[in-house]
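Visitor: I would like a close look at one part of this model. Please begin with ring pairing, then follow the charges and the core from there.

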Amino acid sequence: VQLQASGGGLVQAGGSLRLSCPASGSIFSINLMGWYRQAPGKQRELVAAISSGGRANYADSVKGRFTISRDNAKNTVYLQMNSLKPEDTAVYYCNADVDYSGSGNFYRYWGQGTLVTVSS
């Protein structure tokens with residue numbers, strides 16, 4: 001199973017970006033999908049996560065600005081980021097809890113990360 005995050009880049013404060021992360025390979029089903037970020041010198045933190053049924057939760061710091069969504073037919077998770085702030089600058093990582101065989105056991109896979117830089 002592979003996850004490929006894309007959509008990062010350089011944007012001015014107040015701007016928007018949309019991250020995408022398709023999962024590919026041997027996939028029977030996907031449960032939770034999410035986005036984490038890691039800023040320089042800081043620990044990785046949860047940004048947002050979404051269940052297979054579409055229930056989402058967000059870090060307080062991004063509520064009202066970021067929206068997570070997913071396309072189950074495409075095994076893809078998205079993160080729409082609006083009103084970006086310099087403190088949103090980080091490498092953003094996607095993940096997915098995947099059952100690759102129909103066993104009912106889910107394993108967490110990670111994408112490689114995409115850099116988001118917000119200039120003031």
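Guide: The count comes to two aromatic pairs. Rings of Phe, Tyr and Trp (its six-membered ring) pair if their centres lie within 6.5 Å; planes under 30 degrees apart are stacked, over 60 edge-to-face, and the rest tilted. One of the pairs is Tyr-36 with Trp-110: the ring centres are 5.1 Å apart and the planes stand at 65°, so this pair is edge-to-face. Tyr-36 belongs to strand β4 (residues 29-38) and Trp-110 to strand β10 (residues 107-110), so the pair ties together parts 74 residues apart in sequence. Strands are DSSP runs of E, at least two residues long, numbered from the N terminus.

A word on the ground rules. This is a predicted model, where local features need pLDDT of at least 70, side-chain atom pairs count only at pLDDT 80 or more, and totals for chains, interfaces and linings use all residues. Residues are numbered from 1 along each chain as its sequence is written, and side-chain values use heavy atoms, with hydrogens and water left out.

Back to Trp-110. Its relative accessible area is 36%, and it is partly exposed. Buried means under 20%, exposed over 50%, and partly exposed in between (1.4 Å probe, protein chains only). The charged end of Arg-44 sits over the ring of Trp-110, 4.8 Å from the centre. Arg-44 also lies over the face of Tyr-93, at 3.8 Å from that ring centre. The test for a charge over a ring is NZ of Lys or CZ of Arg within 6 Å of the ring centre and within 35 degrees of the ring normal.

Now the salt bridges. There are five, each a side-chain nitrogen of Lys or Arg within 4 Å of a carboxyl oxygen of Asp or Glu. Among them, Arg-37 bridges to Glu-45, with the closest N and O atoms 2.7 Å apart. Arg-37 is buried at 6% relative accessibility, while Glu-45 is partly exposed at 36%. Arg-65 and Asp-88 meet in another, also 2.7 Å from N to O. Arg-65 sits in the loop between β6 (56-58) and β7, and Asp-88 in the loop between β8 and β9, so this bridge ties together parts 23 residues apart in sequence. Arg-65 is buried at 10%, and Asp-88 is buried at 0%. Shared partners join Arg-37, Glu-45, Arg-65 and Asp-88 into one network of salt bridges.

Stay with Asp-88. Its side chain makes a polar contact with the side chain of Arg-37 at 3.0 Å. Such a contact is a pair of N or O atoms within 3.5 Å; within protein, one must be able to donate a hydrogen and the other to accept it, and residues adjacent in sequence count only if both atoms are side-chain atoms. Beyond neighbours within four places in sequence, Asp-88 is in contact (heavy atoms within 4.5 Å) with Arg-37, Arg-65, Phe-66, Ser-83, Val-116 and Val-118.

Methods. Helices (H or I, at least four residues) and strands (E, at least two) are DSSP runs, numbered from the N terminus.
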